[in-house]
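Please open the model in your viewer and keep the sequence panel beside it. The tour below goes from one selection to the next and says what is found at each stop.

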Amino acid sequence: MSLSEMWSNSPVEGTTERREVADLKDGVYVMEIQRFRFFRSKSGPYYHCWELVVVDGLNKGAYTEKFSGCSEISMDILRKDVRRIAGRWVELEELYDEKSDRLGPAVGELVGAVVEVQKKDDPRGKVNQKTGRPYFNLNFLTLVAAVGGVVPEEEGASVESAPDFTEDLKSDDDDDDIPF
């Protein structure tokens, strides 16, 4: 993202307006990580949030969030997501300094990266009472381009130890080869 794009996209001082999370259909999207937040709520628990924007296709420009409270499971997923994007294992202190309540330098290796993301609504149909929309999961599949637009050496390169979700996406009813 160029400096002028970042400048234009930055909020005007004093605004606290949150972006509307798009109602994306289940599927795979190419998204840019626009922001990463790690914070503690007023009531005490910690949360982390990836802010993402679709970069191509019919939903180009759509905004969404990968938001989670911190638990052993969510921290394991976060650690693997960061590894997938940064290309290395990152210590928590490089991502977030709990003592100073500040993000660490590793966030610079995440914001601006482009990833392939699978979006799936909650299979049980649970609905967020605040938004009236179904809860959903966003799974980072592969790194498309690292920060600065660097493309991974191997096409579709992913972290070996992170789970591969792409098998679930393959089906025999792919109609991309129909000429019309």
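**Starting in the sheet**

Select tyrosine 29 first, which stands opposite valine 117 in S6; strands (E, at least two residues) and helices (H or I, at least four) are DSSP runs, numbered from the N terminus. This is a predicted model, in which local features need pLDDT of at least 70 and side-chain atom pairs count only at pLDDT 80 or more, while totals for chains, interfaces and linings use all residues. Residues are numbered from 1 along each chain as its sequence is written, and side-chain values use heavy atoms, with hydrogens and water left out.

Now show S1 and S6 together, which pair in the antiparallel sense over six bridges; two strands are said to pair if DSSP finds at least two bridges between them. Extending the selection gives an open sheet of five strands in the order S3-S2-S1-S6-S7, with antiparallel pairing. At its edges lie strand S3 (63–69) and S7, each of which pairs on one side only.

**Into the core**

Select Trp50, Val82 and Ile85, the residues with the most contacts inside the largest nonpolar core, which has 28 residues. Such a core is a set of buried Ala, Val, Leu, Ile, Met, Phe, Trp, Tyr and Cys residues joined through side-chain atoms within 4.5 Å, and buried means under 20% relative accessible area (1.4 Å probe, protein chains only). The elements giving two or more residues to this core are strand S1 (27–40), strand S2 (46–54), helix H2 (72–86), strand S6 (114–121) and strand S7 (136–145), and S1 gives the most, with five residues.

Centre on isoleucine 85: leaving aside neighbours within four places in sequence, its contacts include Ile33, Trp50, Phe140 and Leu143.

**A stop in the loop**

Finally, move to valine 90, in the loop between H2 and helix H3 (92–95). Is valine 90 buried or exposed? Valine 90 counts as buried because its relative accessibility is 13%. Not counting residues up to four places away in sequence, valine 90 touches Val82, Leu95 and Ala106.

Definitions and conventions:
Buried means under 20% relative accessible area, exposed over 50%, partly exposed in between (1.4 Å probe, protein chains only). Contact means heavy atoms within 4.5 Å.
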